[in-house]
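Please read it alongside the sequence and the model.

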Amino acid sequence: MGTHNINFSEQFEFTGKVKTLSIVGIALGIAAIAYGFLAGDKVMHERTFANLLLMAYYFACVCMSGTFFLAVQYVAQAGWSASILRVPQAMAKTLPIAAVILIVVISAGLYTHNLYHHWHAEGLTVEGSPNYDAIIAGKSVFLNVPFFLGRQVVFLGIYSIFSIMFVKFSYNEDLAGGLNSYRKSFKNACIFLVIYGFTTPVFAFDTIMSLEAHWFSTMFGWYNFAAMWVSSLATIAIILILLRRAGYMQWVNNSHLHNLGQFIFGFSIFWTYVWFAQFLLIYYANMPEETVYFYKRFEYYKFWFFLNLAMNFLAPVLLLMDRDNKRTDAKLLFVAIVVLLGHWVDYYQMIMPGTVEEGHNGFGIIEIGTALGFVGLFTFTVLTSLSKKPLIAKNHPLLQESLHHQL
């Protein structure tokens with residue numbers, strides 16, 4: 001497509017069937033959550049909180065990684081992505097909402113003792129108490145409610161501030177032109193990546209690993225980073241393909257999809273590498289305090305255990321190995337959806353064993369409804385944000401390189 005045919009003022013209109021379906025999804029989610037809480041059963045309450053944590057964490061991680069995508073592009077001074085930045089910007093702009101929801105879910109779970117009860121229960125840190133746990137007592141300096149919630153607020157607050165800044169700089173660039181806003185984006189992206197690199201493992205330790213506070217893995221943070229990053233890449237690919245099919249962003253070509261496909265392919269392998277390295281070390285050492293983590297998942301979640309590997313390793317590697325598949329929107333869309341569903345499975349088997357009593361896990365109305373609710377909420381918030389500004393950053397200094405991108 002020649003640049004003279006591009007409408008630099010093109011805006012997305014969030015109306016019609018997509019908006020209606022997103023609202024229906026939110027309503028179904030609220031109904032499923034209400035059903036879980038009104039069931040009056042402790043196990044159902046735990047399952048509901050576990051699903052709320054799963055989807056709130058997933059929502060936040062995808063939006064966080066949208067900000068990470070922006071920062072990487074700025075620091076690398078990448079030209080290929082200049083014409084598609086509005087999509088990750090819309091995800092980044094949604095992060096403050098996702099952050100608030102996650103903090104509310106975590107706080108409610110702590111207050112009701114439906115989440116984090118492995119370290120947040122009466123008497124665990126009090127010597128002489130029948131519930132005294134020496135391991136938890138040793139970790140209580142780090143795992144205590146004020147410090148725990150404080151870290152959540154600080155980490156998510158910092159990520160949200162940078163997210164808003166990157167979006168603001170890009171919008172200012174549209175108005176004023178020049179390199180001033182781009183230089184600010186570059187400088188702040190450098191700062192953000194250092195902060196993000198050091199804090200995301202701790203964020204994962206807190207939010208997910210502490211659900212089973214006796215167990216720990218120093219690789220767990222990077223395992224979570226790989227999952228959130230590849231999920232975000234898949235989300236960006238899905239939004240771009242669907243927008244293009246709807247007649248928007250016709251400047252996006254097969255080479256842009258190829259780049260996204262390469263990232264999804266490569267980081268799916270990286271996710272598998274970290275997952276397998278963590279598993280192999282624990283399996284080979286065969287220490288009971290470490291193997292208990294995989295024993296639970298293999299004993300009570302065997303189907304999910306193997307489905308996780310099939311969806312997050314075999315599917316993207318086998319289907320995206322071929323060059324043409326990465327350049328074909330139908331095939332890339334299919335793989336991206338499989339990867340997104342696969343990382344729901346990944347988070348499911350991370351969270352459920354440490355939250356729901358053994359043998360009481362399940363898959364039904366609560367799981368499907370909560371997932372649909374958050375998908376609806378994500379769609380509504382991100383597409384609302386996307387509709388506020390033109391779909392192309394018209395004064396990005398590397399825009400022409402992106403518009404003529406060919407591989």
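The count of salt bridges comes to 7, where a salt bridge is a side-chain nitrogen of Lys or Arg within 4 Å of a carboxyl oxygen of Asp or Glu. The model is predicted, so that local features need pLDDT of at least 70 and side-chain atom pairs count only at pLDDT 80 or more, whereas totals for chains, interfaces and linings use all residues. Residues are numbered from 1 along each chain as its sequence is written, and side-chain values use heavy atoms, with hydrogens and water left out.

| Pair | N to O distance |
|---|---|
| Lys296 and Glu212 | 3.4 Å |
| Glu212 and Arg297 | 2.6 Å |
| Arg245 and Asp329 | 3.8 Å |

Glu212, Lys296 and Arg297 are linked in a network of salt bridges. In the salt bridge between Lys296 and Glu212, distant parts of the chain are linked, with Lys296 in helix H9 (residues 288-300) and Glu212 in the loop between helix H6 (180-207) and helix H7 (220-245), 84 residues apart; helices are DSSP runs (H or I, at least four residues), numbered from the N terminus. The salt bridge of Glu212 with Arg297 likewise joins the loop between H6 and H7 to helix H9, and so ties together parts that are 85 residues apart in sequence.

Both Lys296 and Glu212 are buried, a class that means under 20% relative accessible area, while exposed means over 50% and partly exposed lies in between (1.4 Å probe, protein chains only). Glu212 counts as buried because its relative accessibility is 6%, and Arg297 counts as buried because its value is 0%.

The salt bridge between Arg245 and Asp329 has Arg245 in helix H7 and Asp329 in helix H12 (residues 329-351), and therefore ties together parts that are 84 residues apart in sequence. Arg245 counts as partly exposed at 49% relative accessibility, and Asp329 counts as partly exposed at 22%.

Turning to the surface, Val24, Leu28, Phe363, Ile368 and Leu372 form a nonpolar patch with about 430 Å² of accessible area together. Such a patch is made of residues with over 30% relative accessible area and no salt bridge, nonpolar side chains (Val, Leu, Ile, Met, Phe, Trp, Tyr) being joined within 5 Å, and accessible areas come from the Shrake-Rupley method with a 1.4 Å probe. Helix H1 (16-38) and helix H13 (365-386) each supply at least two residues of the nonpolar patch. Leu28 is found in helix H1 and, at 42% relative accessibility, counts as partly exposed.

Key. Patch = residues over 30% accessible without salt bridge, like charges linked within 9 Å, V, L, I, M, F, W, Y side chains within 5 Å.
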